Number of protein chains: 6
Amino acid sequence: MLIRIINPTITEKWESEKQKNYQLAANPGVKISVVSLENGTVSIESYRDLALTIPGICDKVLEAKLEGVDGVIIDNMLDVGVPVARELMHIPVIGPGEASMRLAATLGHRFSILTTIESLIPMVEKQVDKCALSSKLASVRALGIPVLALRDDPQVTLKTIIDVSEKAVERDGAHVIIPGCTSLGGMAPKIQAGLKERGYQIIVIDPLSAVMQIMDILVSLGLSHSKLTYPLPDAKDYNWPGLSLFES
Amino acid sequence: MLIRIINPTITEKWESEKQKNYQLAANPGVKISVVSLENGTVSIESYRDLALTIPGICDKVLEAKLEGVDGVIIDNMLDVGVPVARELMHIPVIGPGEASMRLAATLGHRFSILTTIESLIPMVEKQVDKCALSSKLASVRALGIPVLALRDDPQVTLKTIIDVSEKAVERDGAHVIIPGCTSLGGMAPKIQAGLKERGYQIIVIDPLSAVMQIMDILVSLGLSHSKLTYPLPDAKDYNWPGLSLFES
Amino acid sequence: MLIRIINPTITEKWESEKQKNYQLAANPGVKISVVSLENGTVSIESYRDLALTIPGICDKVLEAKLEGVDGVIIDNMLDVGVPVARELMHIPVIGPGEASMRLAATLGHRFSILTTIESLIPMVEKQVDKCALSSKLASVRALGIPVLALRDDPQVTLKTIIDVSEKAVERDGAHVIIPGCTSLGGMAPKIQAGLKERGYQIIVIDPLSAVMQIMDILVSLGLSHSKLTYPLPDAKDYNWPGLSLFES
Amino acid sequence: MLIRIINPTITEKWESEKQKNYQLAANPGVKISVVSLENGTVSIESYRDLALTIPGICDKVLEAKLEGVDGVIIDNMLDVGVPVARELMHIPVIGPGEASMRLAATLGHRFSILTTIESLIPMVEKQVDKCALSSKLASVRALGIPVLALRDDPQVTLKTIIDVSEKAVERDGAHVIIPGCTSLGGMAPKIQAGLKERGYQIIVIDPLSAVMQIMDILVSLGLSHSKLTYPLPDAKDYNWPGLSLFES
Amino acid sequence: MLIRIINPTITEKWESEKQKNYQLAANPGVKISVVSLENGTVSIESYRDLALTIPGICDKVLEAKLEGVDGVIIDNMLDVGVPVARELMHIPVIGPGEASMRLAATLGHRFSILTTIESLIPMVEKQVDKCALSSKLASVRALGIPVLALRDDPQVTLKTIIDVSEKAVERDGAHVIIPGCTSLGGMAPKIQAGLKERGYQIIVIDPLSAVMQIMDILVSLGLSHSKLTYPLPDAKDYNWPGLSLFES
Amino acid sequence: MLIRIINPTITEKWESEKQKNYQLAANPGVKISVVSLENGTVSIESYRDLALTIPGICDKVLEAKLEGVDGVIIDNMLDVGVPVARELMHIPVIGPGEASMRLAATLGHRFSILTTIESLIPMVEKQVDKCALSSKLASVRALGIPVLALRDDPQVTLKTIIDVSEKAVERDGAHVIIPGCTSLGGMAPKIQAGLKERGYQIIVIDPLSAVMQIMDILVSLGLSHSKLTYPLPDAKDYNWPGLSLFES
């Protein structure tokens with residue numbers, strides 16, 4: 001099984017770590033290949049970033065299609081580009097945001113999502129709503145750390161995550177925590193342990209593992225998204241500054 | 001008052017009609033200027049079309065910002081690009097989709113939206129949901145005519161709209177009808193008259209007029225979208241195939 | 001365009017200020033005339049006040065109908081009497097409550113309404129619900145000042161409004177504020193400025209302006225409420241202590 | 001136990017039948033007294049009728065208060081005047097609409113309400129929503145017979161009710177039926193029998209019995225509505241065409 | 001009228017007090033008989049307890065059926081066993097949980113439920129949701145006292161209830177309180193008085209009285225649950241460790 | 001990985017087929033063992049059947065716990081016994097109902113569930129609601145065939161499923177179909193093919209595969225349900241007709 005991970009940014013230095021983390025999260029026999037965008041932004045924290053990112057994702061989706069991979073994961077908690085990628089392909093396309101939330105909804109009464117910066121809260125709440133999961137949401141809380149600074153001091157980041165998780169549990173009634181940034185991939189066990197030390201028995205979901213495993217299911221079962229919901233668009237004239245993306 | 005209408009397609013031949021229709025819909029003293037995209041698609045009927053459209057909208061939004069217009073309308077019923085444009089600007093940005101639905105919600109018990117093709121129904125339903133208006137929605141129904149064919153035979157189009165409206169009223173309980181394509185701009189009175197002939201006293205909302213007038217309100221009142229909901233994104237490195245869109 | 005403002009109280013001294021504020025809020029060419037009720041209460045803060053107010057509104061609505069105005073605004077945040085006035089008339093009838101909330105819903109993630117006294121909170125929450133806007137509501141908070149005391153000390157009132165707004169922003173996540181009393185008409189800029197001084201970039205909506213401008217739209221577009229939702233009632237026998245309101 | 005039934009119309013000829021039907025619905029030891037309004041309409045089928053009715057209800061509520069009854073039922077399926085009566089009194093006040101719906105919600109998966117005329121459907125749907133019972137509602141359907149004509153031909157009325165109930169069961173999935181007009185008081189057994197003949201085992205709720213019995217509970221238990229939700233309004237100046245209703 | 005109270009535990013010592021409290025809550029002429037389970041647990045505080053309880057309830061339901069009682073109350077706030085009992089019987093079956101909540105919903109803006117221990121909160125919230133009453137819920141709060149310890153020190157229990165109620169009122173906006181354990185039967189007046197002493201005018205519902213009285217209504221009116229919602233199951237082969245429960 | 005499948009009925013003849021189907025659905029290296037109940041019913045189609053089934057499931061859950069399996073699947077679309085099993089265990093417990101619905105929600109706009117008999121529809125709708133997935137539900141439709149008759153004539157069953165699916169697609173707008181009975185395990189491809197022949201490109205989810213694969217994820221990731229939502233119940237006295245289930 002060949003799974004393409006699209007890092008929907010131009011930050012290529014993340015590739016090796018994502019390669020490692022996704023490979024760790026994958027079942028044996030799954031081959032992972034991470035690609036970054038040629039065109040896009042260094043991180044995704046606004047609608048502007050989405051705008052500059054989605055065409056680059058299309059490029060990579062079509063590339064993946066030609067190469068004949070079995071599934072495509074778009075490595076971003078807002079599941080950026082998933083709908084368009086689903087339109088363009090018959091093979092499964094998913095993102096870690098929805099994958100984590102669906103698992104969280106199954107495992108506990110209510111979940112909280114920890115996003116990076118305050119200004120993302122409305123976007124994340126809208127995404128939860130789009131997945132029709134608002135009644136399972138305890139809260140969205142922000143760490144107050146931008147994506148690109150999350151690794152500046154791993155200890156500070158970890159402590160902040162645990163502090164904010166504690167608030168989500170104590171004040172919002174969260175039973176499950178989703179660290180809402182794929183750069184936090186692999187940290188779930190440490191967060192869970194940190195919360196346990198403070199006396200909280202909380203499930204923490206690793207979004208990378210969640211999405212990798214859900215992808216495995218879809219490919220194994222020959223399942224994919226509905227082409228009634230995401231029909232292949234007809235060819236259509238268009239102008240584009242870069243290379244031609246689609247047959248017109 | 002100077003209002004920029006962004007035709008979010010590359011179909012420049014629509015410009016003159018849109019110019020005329022929006023000017024008709026505007027109050028005296030409002031100056032309308034319509035621009036089309038350099039980069040984009042000929043019409044918008046899929047997530048792929050959105051992907052190819054939104055960066056082109058950003059170009060035109062920034063252009064409008066430099067030119068010092070008072071407000072920006074993005075001429076599309078899915079309100080494509082409105083969130084990103086709102087991030088980039090402090091002046092009001094709106095689309096005819098939400099504008100029509102908010103008015104419809106005020107005027108009657110439930111409304112129906114007539115979209116062009118069947119495959120758009122889930123996208124339109126999601127948009128209604130995003131506006132938190134689902135409980136006011138009677139139905140979304142499709143005309144079965146692609147955007148670019150809506151003017152092939154105006155009589156057929158009109159008859160189809162009236163037929164589908166009648167179904168929305170009879171079967172779904174619609175009290176208000178929104179013709180869900182801006183290419184139908186100006187047709188509301190004919191639709192309302194056609195329904196009256198068949199015995200239905202139905203409010204039909206013209207999306208162009210709705211959005212033009214709501215824009216007028218916002219500019220007049222010095223109101224705009226919340227910059228907490230749509231904060232100006234920080235400058236950030238990016239790659240882009242065309243001209244540089246944003247200062248990085 | 002001739003717009004009748006119904007002050008749905010017997011407090012005639014408010015007329016001149018309302019006349020001034022609504023005229024300021026109106027576009028050029030709009031003629032405003034404010035009338036108060038002959039029968040009603042000095043202010044509206046309970047269901048009892050509604051009971052005593054609505055028949056008096058009917059009087060004024062029918063009067064307006066005879067005089068041939070173009071639209072009727074009922075100057076009260078609970079939109080008291082709007083449904084009955086819509087039944088009785090074909091011309092547009094709206095109130096500042098729904099008008100403000102629809103605009104607020106368009107402009108930001110969630111809004112808060114500041115009502116006057118604690119006991120009104122359930123009534124305002126029910127009104128938000130009736131407009132199907134609960135999912136856009138951050139909170140309803142009370143100023144703790146009765147309507148008739150709002151002008152006793154304008155500085156205290158303004159400070160209280162800013163204090164309560166701050167709570168709505170900090171604790172409830174409001175991005176938009178609606179001062180929920182028409183006696184606060186015209187204060188929106190001061191409230192917004194006061195919040196800015198404290199570091200909050202919050203949209204504050206002036207209900208008078210909102211309703212005046214939405215009315216302008218409806219009249220300009222020849223739009224009105226659905227007569228399926230608000231059908232003209234059949235003539236019917238009735239007794240009434242005052243002058244005959246309706247043809248029986 | 002002394003229960004006052006307010007017939008919220010001026011149609012006094014209904015009194016004797018209501019007296020009989022409510023007495024039949026009451027437990028032994030309950031004394032029923034029916035009063036009609038001096039001021040009001042002959043039947044209630046619009047917001048206009050509500051406007052002309054509610055002050056007359058206030059009169060009768062205050063009268064009941066002075067006479068020292070134990071509870072007040074307002075005999076109308078829209079529960080007209082219940083909120084204001086609750087404000088004015090500490091003793092329980094209820095209407096047959098909410099009473100029937102709460103019982104129906106307890107007894108089956110979904111219920112349908114049969115109202116008299118088509119134009120009442122939005123009003124009844126709003127009432128269901130106000131009681132937060134929309135998710136238990138199968139449908140609101142109209143008989144197509146105005147209140148005052150319901151008794152013109154009892155056989156036709158009964159057949160129509162059974163026909164419309166059958167549609168509610170077959171098409172809307174109703175498991176419980178509420179005949180939505182108090183003039184249908186006492187007919188529930190016949191409707192249930194008629195449906196049984198056609199093969200449907202449907203619960204039909206008699207609104208008069210429902211409200212009479214819920215009132216009995218409230219009085220027996222010393223329970224009443226919350227005075228936080230319905231606080232006694234402060235005295236306040238007012239003008240009124242008839243006799244003085246309230247101490248000012 | 002003969003009403004069977006099923007104490008759904010094996011704690012027989014509760015019988016005499018329940019007999020007394022339910023008899024007090026019943027109208028004259030109602031005969032109460034309390035039975036406990038032969039098989040079951042000493043109290044119900046988990047899904048495990050439900051599992052061990054429901055078959056024992058079936059025994060008692062079938063026993064009641066043979067004895068020809070008029071109605072069955074299952075004395076537990078989670079309404080354990082009500083659905084299965086409704087399937088097995090045509091006579092009315094209800095529990096104090098739903099009965100209290102339906103009354104509370106009628107009487108005030110929002111209600112809070114006080115459950116015994118923290119771990120029951122998700123179960124109670126799910127029950128509220130199952131009754132479609134979530135929008136009327138202010139909160140579920142726990143007393144932090146297990147069922148079997150509620151009577152260890154009645155003064156401590158009462159004080160705790162009043163303290164937690166105060167929080168529900170102050171922080172969650174509750175207007176009505178439901179003491180969510182039938183072992184608190186009869187305490188409502190003391191709780192209401194204690195809250196009054198602290199300045200809160202709060203309705204407190206006694207679940208035993210609520211359910212006893214709703215049962216009285218159902219029997220009096222000849223009403224019962226819908227057999228479409230709860231159809232009598234067909235006979236079917238089964239194995240069972242104890243005596244044969246059902247004809248197979 | 002050792003997964004225990006609990007067939008929650010006494011119909012042991014199903015074991016071999018379930019063993020085969022689940023093994024087929026499992027990844028390599030997963031060892032499946034199917035057990036049936038000693039005490040329970042031959043099939044599950046009512047609340048009575050649930051009552052007689054859940055204690056038998058507890059037996060098998062505790063057995064599985066002692067044997068040290070890695071996860072427990074309860075093979076029933078109503079997910080019968082899942083909450084109690086989750087309380088009793090720390091290892092993952094899931095059912096095919098929720099597993100299928102979560103996948104369906106991810107893959108398309110709305111899904112329909114095909115249950116066996118009409119009388120199960122309210123139970124299935126309640127289960128969807130309990131999972132907070134009602135807004136993703138197109139419909140629940142019944143095949144009109146009891147579980148035990150599903151294999152009487154496989155061709156008739158298949159044709160019926162395809163017919164009912166077509167209705168779900170055409171009338172209810174389903175984009176994804178869930179055959180809602182585990183006895184239909186393995187039939188998804190045939191159903192999907194049959195629908196394709198009729199021109200419908202519909203995703204059909206195999207519940208056995210869905211639940212087997214979600215279980216694989218949970219075990220692989222070391223994830224399980226929240227013990228705050230499903231806390232281990234304290235030991236407690238109880239009586240039970242069969243062997244002692246729990247340490248008291």
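User: What should I know about the model and its numbering before I start?

Analyst: This is a predicted model, in which local features need pLDDT of at least 70 and side-chain atom pairs count only at pLDDT 80 or more, while totals for chains, interfaces and linings use all residues. Residues are numbered from 1 along each chain as its sequence is written, and chains are lettered from A and ligands numbered from 1 in the order in which they are written.

User: How many residues does the contact take from chain B and from chain C?

Analyst: Two residues are in contact if their C-beta atoms, placed from the backbone, lie within 7 Å. Here the contact takes 29 residues from chain B and 30 residues from chain C. On the chain B side, helix H4 (96–107) and helix H8 (207–221) each supply at least two residues, and H8(B) gives the most, with six residues. Helices (H or I, at least four residues) and strands (E, at least two) are DSSP runs, numbered from the N terminus.

User: How are chain B and chain C related?

Analyst: Copies are superposed by least squares on the C-alpha atoms of residues with pLDDT of at least 70 in both. A rotation of 180° with 0.0 Å of shift along its axis places chain B on chain C, with an RMSD of 0.0 Å, and the two copies are thus related as by a two-fold rotation axis. The C-alpha of chain B nearest the axis belongs to B:Arg102, 3.1 Å from it. Because 100% of the interface residues of chain B are also interface residues in chain C, the copies meet through the same surface.

User: In what order do the strands of the open sheet in chain B lie?

Analyst: Two strands pair if DSSP finds at least two bridges between them. In chain B, four strands form an open sheet in the order S2-S1-S4-S5, with parallel pairing. Strand S2 (31–36) and strand S5 (93–94) of chain B stand at the edges with a single partner strand each, so one side of each is left without a neighbour in the sheet. Strand S1 (residues 2–7) and strand S4 (residues 71–74) of chain B are joined by four bridges, and B:Ile6 has B:Ile74 in S4(B) as its bridge partner.

User: Into which domains is chain A divided?

Analyst: Domain bounds come from an automatic or database domain assignment, which divides chain A into domain 1 (2–95 + 209–221) and domain 2 (97–207). Their centres, taken over C-alpha atoms, are separated by 21 Å, and the contact takes 15 residues from domain 1 of chain A and 21 residues from domain 2 of chain A.
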